[in-house]
Amino acid sequence: MSLLFALSASQADEGMWLPSLIGEGRVQDMRAKGFRLTAQDLYAVNRASLKDAIVRFGSGCTGELISDQGLLITNHHCGYGQIQQHSSVEHDYLTYGFAAMNRGEELPNPGLKVSFLVEMRDVTDRILKGVTHKMSEAQRTKVIDKNKQAVVRGATEGNHYKASVEALYYGNQYFLFVYEVFEDVRLVFAPPSAVGKFGGDTDNWMWPRHTGDFSIFRVYAGPDNKPAPYSADNVPYVPKKSFTISLRGVEPGDFTFVYGFPGRTYQYLHSEAVRYIQEKSDPHKVKLRTLRLDIMNRAQAADPAVRIQYAAKNASVSNAWKKWQGEMKGLKRLGTVAKKRAFEERFEAWAADRPEYAGVTGRLSVLYDSLEPYVFAQDYHNEAAMAIELLRFAGRFADAPDFRPETVARLRETAAGFYKDYVSAIDRETAQALFCLI
């Protein structure tokens with residue numbers, strides 16, 4: 001999914017649009033605020049467009065190609081795990097940064113993938129084919145999953161692409177996303193933490209934020225410029241399009257838009273869901289993560305090697321921990337629950353003479369009330385039981401019941417990666433703290 005918002009000197013028009021659905025009407029509005037491109041410049045299938053220079057980095061971050069030799073820039077926190085993996089007490093790239101002086105010094109990152117969007121299209125009719133209102137949720141899911149598999153199979157047969165079908169607007173619309181996925185991605189440059197993490201958790205999720213939040217990688221391909229496993233013979237990928245970096249700077253009132261992979265939006269949540277987040281879910285999750293962070297922080301402060309081993313884990317835990325604190329404060333300060341309830345009252349008044357919609361918000365309230373104990377238990381499962389590293393690690397073996405040589409080799413590699421950055425004393429103390437709290 002992609003995010004695009006326009007900003008002008010006098011006002012900001014914000015929104016989230018899929019690039020393929022940005023038509024001339026929206027573009028004309030953007031041009032009035034200083035935009036100088038066309039809809040085809042933003043997204044096109046048969047010629048180079050901005051989508052060809054913007055990638056999904058790893059599992060959810062955004063990156064941009066900034067040269068015709070596969071050079072890619074992303075956030076420092078997005079590359080943080082890879083920087084940590086290459087760091088040691090002797091080579092502390094986290095603290096002091098890293099710079100490859102030539103391509104031979106660039107560092108490979110097994111498991112890291114970069115995905116280029118090839119095409120996206122609405123497949124709602126195909127995914128909902130055979131679905132009726134009389135079906136149970138289990139029956140509906142079964143039909144939809146079968147249809148998804150057929151659509152993905154049709155998009156990937158006879159080519160090297162990867163594809164997925166994603167539900168948008170709570171399952172009211174489905175889109176097929178087709179990607180070209182590269183798995184030879186090498187670290188080129190990382191700033192020292194004094195730059196890349198300037199302000200730390202104090203400044204995280206805050207505005208303005210004065211941090212050099214960037215890292216640089218390079219995408220490699222086979223001799224045919226197609227995705228290939230890591231090899232010394234691979235060459236820098238030549239993208240269809242890349243960005244140039246302007247040295248002129250920006251001026252007040254300059255048109256701005258952001259294009260990337262933001263994840264998801266919860267704009268349409270029911271008031272009861274927002275109340276649960278503000279009053280119950282976030283407070284408990286923050287408490288559980290505070291315990292984990294206190295234990296990690298003490299261990300990291302006592303041992304330089306542990307500081308490096310747990311740097312990425314600490315950053316991952318603290319990121320949501322900080323976000324949830326701000327989320328609670330923001331929801332309370334803005335009175336979001338009351339605003340949601342007022343909106344739902346207006347909706348019910350509008351729906352009074354529309355049988356298909358009348359009473360829907362009240363029925364949702366009943367459902368949320370009945371589900372809350374189970375969701376609360378799920379929160380504790382995710383933040384307590386699944387916070388134990390050894391339990392998560394053991395779960396990786398559940399999907400590999402056979403003992404074929406390739407399976408054993410993969411599990412050995414998984415185990416080596418896990419134990420490289422695992423300290424049993426931290427995990428044991430974490431388990432005791434979390435389970436005693438429960």
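Student: What makes Leu364, Leu367, Leu371, Tyr374 and Val375 a nonpolar patch on the surface?

Tutor: A patch takes residues with over 30% relative accessible area and no salt bridge, and nonpolar side chains (Val, Leu, Ile, Met, Phe, Trp, Tyr) are joined within 5 Å. A salt bridge would be a side-chain nitrogen of Lys or Arg within 4 Å of a carboxyl oxygen of Asp or Glu. These five form such a patch, with about 470 Å² of accessible area together. Areas come from the Shrake-Rupley method with a 1.4 Å probe; for residues, only the protein chains shown count as cover.

Tutor: The model is predicted: local features need pLDDT of at least 70, side-chain atom pairs pLDDT 80 or more, while totals for chains, interfaces and linings use all residues. Residues are numbered from 1 along each chain as its sequence is written, and side-chain values use heavy atoms, leaving out hydrogens and water.

Student: Why is Tyr374 called exposed?

Tutor: Exposed means over 50% relative accessible area, buried under 20%, partly exposed in between. Tyr374 has 62%, so it counts as exposed.

Student: And why is Pro191 called buried?

Tutor: Its relative accessible area is 3%, so the label is buried. Pro191 touches His76, Gly97, Gly196, Gly212, Phe214 and Ser215, leaving aside residues up to four places away in sequence. Touching means heavy atoms within 4.5 Å.

Student: What makes a nonpolar core?

Tutor: Buried Ala, Val, Leu, Ile, Met, Phe, Trp, Tyr and Cys residues, joined through side-chain atoms within 4.5 Å. The largest has 25 residues; Phe57 and Phe217 are among those with the most contacts inside it. Apart from it lies another core, of 20 residues, including Phe35 and Tyr43.

Note on methods: Patches are made of residues with over 30% relative accessible area and no salt bridge: like charges are joined within 9 Å, nonpolar side chains (Val, Leu, Ile, Met, Phe, Trp, Tyr) within 5 Å. Buried means under 20% relative accessible area, exposed over 50%, partly exposed in between (1.4 Å probe, protein chains only).
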